[in-house]
Amino acid sequence: MANGYMGRILNVDLTTGALGDEALDPGLCRDFIGGYGLGARLLYERIPAGADPLGPENILGFLTGPLTGTPAIIGSRFTVVGKSPKTAGGWGDANCGGHFGPHLKFAGYDGVLVAGAAVR
């Protein structure tokens, strides 16, 4: 896949311990640009209505944009998205710089989606 995307998402299920690669639709990357846009669309499709923000149905996404991992000024940024308990179950997001975003991209992924609940 071109235009700044690797074309893959890593899905992590903490309940089963399963990891899985998922191919990204190029149209999705074109229509929802960057980690924020891509995260909003993916979570909207995957989190059921009424899901508890602190429950296993919520998804925590770590996503990069097309400039992550490039020499651009914003080339070190990534976005974290999910359903937030702070906003009574509404949208929550944050972004950060550093090495994580570029290294996620260098590993061949545009993002990691974490779902489920680990055993206590």
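**A close look at V81**

Mentor: Setting aside residues up to four places away in sequence, V81 touches G39, L43, I59, L60, G61, L63, W91, G92 and D93, where contact means heavy atoms within 4.5 Å. Before we go on, note that this is a predicted model, in which local features need pLDDT of at least 70 and side-chain atom pairs count only at pLDDT 80 or more, whereas totals for chains, interfaces and linings use all residues. Residues are numbered from 1 along each chain as its sequence is written, and side-chain values use heavy atoms, with hydrogens and water left out.

V81 belongs to strand β4, which covers residues 78–84; helices (H or I, at least four residues) and strands (E, at least two) are DSSP runs, numbered from the N terminus. With a relative accessibility of 1%, V81 counts as buried, a word that means under 20% relative accessible area, while exposed means over 50% and partly exposed lies in between, using a 1.4 Å probe and protein chains only. One of the residues that V81 touches is D93, and although twelve residues separate V81 and D93 in sequence, their C-alpha atoms are 4.4 Å apart in space.

Strand β4 also holds T79, which at 12% relative accessibility counts as buried as well. If we leave aside neighbours within four places in sequence, T79 is in contact with G35, Y36, G61, F62, L63, A94 and N95.

Now let us step back to the whole chain. Three helices and six strands make up its secondary structure, and along the sequence they follow the pattern β-β-α-α-β-β-β-α-β. The radius of gyration of the chain is 14 Å, close to the 14 Å that the globule rule gives for 120 residues, so the chain is as compact as a globular protein of that length; this radius is taken over C-alpha atoms, and the rule is 2.2 Å times the number of residues to the power 0.38. The C-alpha trace spans about 40 × 30 × 30 Å along its principal axes. Of the 120 residues in the chain, 39% are buried, as V81 is. Among contacts with a separation of 6 or more, 59% come from residues 24 or more positions apart.
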